Amino acid sequence: MEWDKQLQQLSERLSYMRDIFPEKHVEDMSLLGLQLDELRQGIARGTVKDPREGIESLENLFFFIECKLEDKLTPMDKVRIVRHPQRVCLRDILENVYDNYTEIGGQDEHTNDPAMLIARAYITRRRGKKVYNQSVMVIGHEKGHGEEFRNGGSAKPWGNAKAQHYMQVAETEGIPIHAYVFTPGGDPVEDYPGAAQQIARNIYEMAGLEVPVVAIFSEGGSGGAEAISLADKRLMFSHGYYSVISPEGAAAIEGRLKRGERSSSELIERCAADLHLTADDNVRFGYIDRVIQEPVLGARPYHFEFFRSIRQEVIRATDEVVLSVRGPASLRAMALRGLRDREINLDDMYVRWNLSKKARLRLVEKRQKHFLRLSEGTYFSGRSWWKRVTDEWSAKCSEMYNKLKHDLYLSKRRSVSNALEEANAELDILKYRLTAPWRRMRSAFNRTPKPLATEEELTALSEWDRTQERGDWTWVSPKAHEDRAVTCPNSALHGCMDLWAPDLYNEFAGVCTTCGHHFPMEYQWLMFNCFDDGSMSEFNEEVQAGNPLAFPGMDERLATAREKTGLRCACITFEARVEGTQAVVAVLAGAFRGGSVGAAEGAKFVAAAERARRKRFPFIVYCHGTAGIRIQEGTHGVIQMPRCTVAVRRYVEAGGLYLVIYDTNSYGGPVASFLGCAHYQFAIRSSNIGFAGPGVIKNTTGRDIPPDYHNCYQALARGHIQGVWDRRDVRTNLKQALLTMGGRNLYYR
Amino acid sequence: MLDVTSLLESIKAEPYTEMPVRAPHTGVINFAGVREGDRVMGPCGEWKEVPGTRIATITREHNPKPVAAFDKGVIQVLNLEMEGHFVEAGTEIAVLRHYLSRDEVVRIILRKSLQLFCAPERAKYYFVPDVDKKVKISGSRSVTVQDGMELFIVSRMKREVPLIYHGAEGVIYEVYFKQNENVDAGSPLIGVCPPDQIAQIEDVIARVQMDWTEAE
């Protein structure tokens with residue numbers, strides 16, 4: 001009985017190894033199993049003279065083999081480590097890293113979303129005899145300690161909304177946020193506020209949070225991870241993963257599997273390796289700042305030394321963030337930079353974590369600039385060094401010119417003209433009062449009848465306005481040249497008649513004349529029929545999507561897409577006019593790799609937002625269709641979510657009008673970030689908007705969803721979008737939107 | 001009076017319904033590889049979002065439109081001689097034999113043997129409080145209705161009016177409406193059974209539940 005506990009622990013270590021390495025390293029596992037059984041039987045029979053020595057030597061053997069296997073860990077093994085039930089959870093971290101904590105976002109299952117855990121905690125530090133309790137807001141995903149209700153750490157939209165609320169509380173109270181990312185991904189449920197919409201709101205919120213944010217990754221699954229991880233410092237556990245998609249999901253896409261089919265373990269292993277999802281990969285890419293080393297084969301709740309490492313690293317990260325924006329570099333900042341190992345005990349060094357107003361602004365600026373710089377060099381910019389230099393200089397000159405024009409000249413002119421308008425209005429009233437007796441006298445003597453022209457204007461029929469006539473389109477779909485009839489998908493429901501393609505795709509603009517169903521049209525249709533003729537001038541057209549992870553077969557696929565569409569990437573950026581109003585426009589073309597967003601698309605989007613800010617133009621995004629983040633670019637793709645959202649936030653806060661129009665099908669990361677965060681979003685009728693498509697929802701959650709689950713009217717009903725537009729009225733509605741949503745402070749005015 | 005036993009015997013003699021599959025529109029027909037005697041499925045899925053087995057494709061003006069089975073069953077007749085030919089709308093292209101399930105047989109018997117009282121307009125229907133109480137406590141079969149009895153409350157646009165039952169005297173054997181759900185005009189609200197037939201109907205239904213073998 002005395003040795004049972006130790007033997008039990010060894011047995012659990014062995015079963016853990018078997019789970020991590022299924023059907024691998026069989027000899028090592030059987031050797032350990034054999035030795036363990038022999039020792040157990042020997043102790044039970046009493047044949048082992050010194051059980052302590054036997055257990056010690058077996059523990060040494062375990063450690064030796066664990067070290068040996070540690071060197072052979074593949075990316076997929078690390079994924080299995082992260083998913084293992086014995087993995088450390090957020091509650092373990094709260095217990096062991098912080099000196100005290102109180103859960104404030106509900107308790108266990110008594111909360112709106114048990115997958116999202118919120119706590120107020122403090123860390124005790126000393127300087128001499130003085131003790132300081134430094135408060136932090138801990139936000140993170142919880143997978144364990146009640147697995148049955150934690151939903152595997154997949155936060156629902158209301159869980160992310162809870163996180164957003166407590167981020168705002170932390171900002172009000174001026175305390176740092178420690179965000180622990182332990183999620184395989186967000187739950188794709190579209191009930192209010194909607195998975196994509198809420199993640200977008202979270203990212204937008206974090207892009208401007210005026211308190212230090214430190215994110216610690218263990219399992220960073222795509223959008224769910226991004227919802228709480230836009231941080232000043234991003235740390236990662238050495239055995240964690242951070243990826244755009246799970247290896248199984250990538251394998252299902254690569255293997256072109258149908259619903260319900262399972263991919264082979266070899267393909268999953270290969271996809272895990274191709275996605276470059278490990279901590280070392282992400283540090284190399286620059287998306288993670290530092291790695292927290294775990295014990296061999298991953299951290300488990302009994303590795304107390306590991307919790308000390310986490311504590312030291314989160315304190316160090318928070319100190320670094322605070323000191324980097326507080327002003328002139330202090331000795332403590334230098335000490336933190338110089339002493340990377342454990343020569344310094346951060347519990348004995350005190351750094352105040354609250355920031356002055358100016359330091360807060362510097363913090364936000366620094367965070368935003370850091371994210372804007374990420375993923376540079378992961379696509380073909382296509383520009384020579386000379387063009388880059390001239391572009392940079394022209395941007396600077398343009399910025400200076402616009403500053404002079406808008407901030408100095410126009411604002412002063414506006415002040416003067418406002419004052420003149422006020423004075424004129426006063427004068428008008430004075431004149432009216434003074435001339436009132438004269439007008440009364442004149443009207444008493446001179447009762448002239450209404451002029452004939454006015455009477456006729458009021459009684460006759462108005463003239464037919466030719467400009468309102470529909471059906472005369474600048475660009476016509478090539479589908480209109482096919483001699484065939486087309487059936488409306490709603491024909492069984494509404495009895496729609498078949499439509500002749502030349503009518504449907506030309507005069508009818510792809511709209512069913514019976515039920516109004518909008519057939520998908522090419523992205524060019526809206527581009528050329530919405531903006532003024534000849535007003536479009538494209539920029540950054542030379543930027544080309546690349547294959548930064550050298551994903552097998554991706555170069556060929558990109559070449560095919562380029563050849564098929566004539567585009568270099570899925571994003572087209574240009575300047576154009578809408579009935580005379582100048583705007584910067586970004587189009588996500590569904591024809592190029594499903595409109596998926598990678599580093600090149602992100603770079604073009606950021607540049608377009610920056611250009612709109614510089615030129616004081618409205619920024620319009622036409623999302624013709626997007627399948628999400630381009631999974632073959634791994635974290636280079638997923639980082640575009642916070643990156644582009646930061647660009648949008650900077651633009652909107654500078655006073656710009658950001659407007660998004662969805663068409664056909666828009667899903668995934670872009671909708672859950674830089675598209676979904678827009679204050680004004682509209683959809684073309686019959687479009688679908690959501691976080692994950694029906695197939696992905698079925699594969700990840702096992703739930704069947706109704707056929708109209710992602711329909712734009714559902715998005716309108718839950719408040720994701722602000723309106724549904726008829727395709728034929730987009731030009732009019734867009735002009736109307738610019739007039740009504742653009743206040744006096746908007747640049748385009 | 002309806003002879004329920006003979007009704008069941010007649011259903012047993014032909015335990016299926018045969019439904020013609022007609023061309024929904026004109027065009028050139030191509031059959032989808034099905035043969036006579038093949039089993040086909042109707043639309044399925046929680047929202048009937050998965051269409052039934054494709055029987056044929058009719059191409060009109062270069063627009064191939066599928067013709068799918070609208071119920072599950074066996075293809076009894078398939079007019080393969082039409083393959084590749086132009087067909088008019090309404091032309092019979094196949095006959096689908098749908099074997100009746102246990103529930104369908106019970107439904108047929110009840111529809112034929114019970115006297116149905118239908119909704120006069122689209123509205124929400126409730127029993128009057130006394131009847132409602134009785135139905136909830138002892139079940140609908142404990143309520144006997146007579147001609148001229150005030151039985152329902154019709155709720156429409158927040159306006160509630162009583163509805164008088166007209167028909168033969170009997171017990172309420174089946175209730176076809178649910179609380180808080182709109183009932184379309186003409187849909188049955190209740191099925192009333194004459195008291196002397198209750199035993200016979202119950203016996204036949206019990207036989208169906210026990211003995212009926214579903215062909216599919």
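B:Leu110 is part of helix H2 of chain B, which covers residues 102-113. The model is a predicted one. With a relative accessibility of 6%, B:Leu110 counts as buried, because buried means under 20% relative accessible area. The C-alpha atom of B:Leu110 is 21 Å from that of B:Leu151, and the two residues are 41 residues apart along the chain.

**Chain A as a whole**

Chain A contains 27 helices and 18 strands. Its C-alpha atoms fill a box of roughly 130 × 70 × 55 Å along the principal axes. Of the 749 residues in chain A, 53% are buried.

**Salt bridges**

Side chains of opposite charge can pair when their charged atoms come close. Over all chains, the structure holds 54 salt bridges. The table gives three of them.

| Pair | Closest N to O distance | Separation in sequence |
|---|---|---|
| B:Arg156 and B:Glu121 | 3.1 Å | 35 residues |

A:Lys68 is partly exposed at 30% relative accessibility, whereas A:Asp28 is buried at 12%.

A:Glu575 has a relative accessible area of 6% and is buried, while A:Arg611, at 21%, counts as partly exposed.

In chain B, B:Arg156 forms a salt bridge with B:Glu121. B:Arg156 lies in strand E12 (residues 149-156) and B:Glu121 in the loop between strand E9 (115-118) and strand E10 (123-127), so the pair ties together parts that are 35 residues apart in sequence. B:Arg156 is partly exposed at 39% relative accessibility, and B:Glu121 is partly exposed with a relative accessible area of 27%. Elsewhere, in chain A, salt bridges with shared partners join A:Lys24, A:Asp77, A:Arg80 and A:Glu269 into one network.

**Backbone geometry**

Most residues other than glycine have a negative phi, and most peptide bonds are trans. Which peptide bond is cis, with omega near 5 degrees? The bond is the one from A:Tyr192 to A:Pro193. A:Pro193 is found in the loop between strand E4 (177-183) and helix H8 (195-206) of chain A.

In chain B, B:Lys48 is not a glycine but has a positive phi of about 55 degrees. This residue belongs to the loop between strand E3 (39-40) and strand E4 (54-60) of chain B. B:Lys48 is exposed, since its relative accessible area is 56% and exposed means over 50%. B:His62, likewise not a glycine, has a positive phi of about 60 degrees. The loop between E4 and E5 of chain B holds B:His62, and at 54% relative accessibility B:His62 counts as exposed.

**A nonpolar patch on the surface**

A:Trp385, A:Trp386, A:Val389 and A:Trp393 make a nonpolar surface patch of about 540 Å². A:Trp385 lies in helix H16 of chain A, which covers residues 385-445. With 59% relative accessibility, A:Trp385 counts as exposed.

**The second largest pocket**

Rolling a probe the size of a water molecule over the atoms shows where empty space is left. The second largest pocket holds about 1,500 Å³ of space. It is lined by 45 residues, and those closest to its centre are A:Cys488, A:Pro489, A:Asn490, A:Ser491 and A:Ala492. Helix H18 (491-494) of chain A and strand E5 (63-68) of chain B each supply at least two residues of the lining. How many of the lining residues are nonpolar, polar and charged? The lining divides into 21 nonpolar, 15 polar and 9 charged residues.

Terms used:
Residues are numbered from 1 along each chain as its sequence is written. Chains are lettered from A and ligands numbered from 1 in the order in which they are written. This is a predicted model: local features need pLDDT of at least 70, side-chain atom pairs count only at pLDDT 80 or more; totals for chains, interfaces and linings use all residues. Side-chain values use heavy atoms; hydrogens and water are left out. Patches are made of residues with over 30% relative accessible area and no salt bridge: like charges are joined within 9 Å, nonpolar side chains (Val, Leu, Ile, Met, Phe, Trp, Tyr) within 5 Å. Accessible areas come from the Shrake-Rupley method with a 1.4 Å probe; for residues, only the protein chains shown count as cover. A salt bridge is a side-chain nitrogen of Lys or Arg within 4 Å of a carboxyl oxygen of Asp or Glu. Helices (H or I, at least four residues) and strands (E, at least two) are DSSP runs, numbered from the N terminus. Buried means under 20% relative accessible area, exposed over 50%, partly exposed in between (1.4 Å probe, protein chains only). On a 1 Å grid over the protein atoms alone, a cavity is a set of points where a 1.4 Å probe fits but cannot get out, and a pocket is an open set with protein on both sides within 12 Å along at least five of seven lines; lining residues have an atom within 4 Å of a point. Grid points are joined across faces, edges and corners, and a volume is the space filled by probe spheres set on the points. Ala, Val, Leu, Ile, Met, Phe, Trp, Tyr, Cys and Pro count as nonpolar, Asp, Glu, Lys and Arg as charged, and the others, Gly among them, as polar.
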